[in-house]
Amino acid sequence: MTQPAAAAPARTVTVRVPAKVNVQLSVGGLRPDGFHGLANVFLAVGLYDSVSATRAEQPRLTVSGPDAALVPQDRTNLAARAARLLAQRHGISPDVHLHIAKDIPVAGGMAGGSADAAGALLACDRLWGLGSTREELLQLCAELGSDVPFSFAGGAALGEGRGEKLTPLEVGGTFHWVFAVAEGGLSTPDVYRECDRLREQHGGSSEADVPAPTADPALLAALRTGDPQALAAAVRNDLQPAALSLRPALAETLTAGLEAGALAALVSGSGPTCAFLVADAASATRTAQTLTASGTCRTARPATGPAPGATVV
Ligand code: ATP
């Protein structure tokens, strides 16, 4: 009887990573180090990128999907940076072909780049047989960017500091959303600058002028009980006025979603994607159709949250 051959090392590892919406994004005053303190309640939602890592002779990166042309395919890509950081920590060379199948809107306020960084870390760790712990990978995520640890973890979490200090949150049900994807992106740093500029016009933008951000207990309770009406009453995004100032047409998208029956409408993170909380799956389908037909966005897509974090598929 022939013995089964020893398992060959994987040639390709694929990881699926979710997008996020900030159900609360409270932005503190501008700190002397140029960052803002945040109280950031993240919810992972079921729009996913896939990151595949394949053995290669030298580092290579490719991207597919309708918005592939908008994604940098050089060393600056966050997935490539993640692979280099992991390789450097282990004293190995980052020879890997990363392929990103992009479905998360690019520069859309849904942390697509952060998702790809989290996905690349996990995929490369498994491909290279490094066996890093979850804590070790989360530490590398935090070095790559303030949203990357949450993309890795998924679910729901409160992010404090610059967003990178994460506390997982309990969620008592599935929330139904529709995401209206805009034509073109918004730069996150530009939106923060606009937020500061608007605050300067209304009393000041420093830490002395703006209340320290804290998580809203009513919002955390709404997540815990899985109550969409209560969550709709509590969602809040301090970056929304800045995103609307830079992209006034988003106001029409928000109105179109509310007229279609959404319980709440808000800009997702730094925008320009708009997020609509709806009552159930049937309302999500209806609202997405109405929004797409309204001509106020490029497309509208239903998704549920919470979604799992980076997962090997
Ligand atoms: P966030 O919500 O975290 O502020 P975002 O969703 O608005 O981010 P991303 O899609 O992460 O924006 O892209 C922001 C910029 O990052 C892009 O314009 C692009 O130049 C750069 N970038 C680097 N790597 C990636 C990547 N893998 N996917 C998308 N964009 C990337």
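Visitor: How many of the residues of strand 2 are buried?
Guide: This is a predicted model, in which local features need pLDDT of at least 70 and side-chain atom pairs count only at pLDDT 80 or more, while totals for chains, interfaces and linings use all residues. Residues are numbered from 1 along each chain as its sequence is written. Strands (E, at least two residues) and helices (H or I, at least four) are DSSP runs numbered from the N terminus, and a residue is buried if 20 or more other C-beta atoms, placed from the backbone, lie within 10 Å of its own, exposed if 12 or fewer, and partly exposed in between. Strand 2 is mostly covered, and the number of buried residues among its 20 is 17.

Visitor: Which residue of strand 2 is the bridge partner of Val 27?
Guide: Two strands pair if DSSP finds at least two bridges between them. Strand 1 and strand 2 meet this with 16 bridges in the antiparallel sense, and in their hairpin, with five residues between the strands, Gly 34 has a positive phi near 90°. The partner of Val 27 in strand 2 is Leu 38.

Visitor: In strand 4, which residue is the bridge partner of Arg 55?
Guide: Strand 2 runs antiparallel to strand 5, to which four bridges join it; there, Val 41 stands opposite Leu 158. Strand 2 is also antiparallel to strand 4 (residues 96-101), with six bridges. In strand 4, Arg 55 is partnered by Val 96.

Visitor: What distance separates the centres of domain 1 and domain 2?
Guide: The domain bounds come from an automatic or database domain assignment, which gives domain 1 (12-170) and domain 2 (175-305). Taken over C-alpha atoms, the separation of their centres is 22 Å.

Visitor: How many residues does domain 2 give to the contact?
Guide: Residues are in contact if their C-beta atoms, placed from the backbone, lie within 7 Å. On the side of domain 1 that touches domain 2, strand 1, strand 2 and strand 5 each supply at least two residues. Domain 1 gives 32 residues to the contact, and domain 2 gives 42.

Visitor: Which residue stands opposite Leu 277 of strand 10?
Guide: Both faces of strand 10 are covered, with Cys 274, Phe 276 and Val 278 buried on one side and Ala 275 and Leu 277 on the other. Strand 10 runs antiparallel to strand 7, with five bridges, and pairs with strand 9 in the antiparallel sense over four bridges. Opposite Leu 277 stands Ala 264.

Visitor: Which element gives the most residues to the shell around the ligand?
Guide: A residue is near a molecule if its C-beta atom, placed from the backbone, lies within 6 Å of it. The ligand is surrounded by 21 residues, Asp 116 and Thr 188 being among the closest. Helix 1 (78-89) and helix 2 (112-127) are the elements that give two or more residues to this shell. With four residues, the element that gives the most is helix 2.

How values were computed: Contact = placed C-beta atoms within 7 Å.
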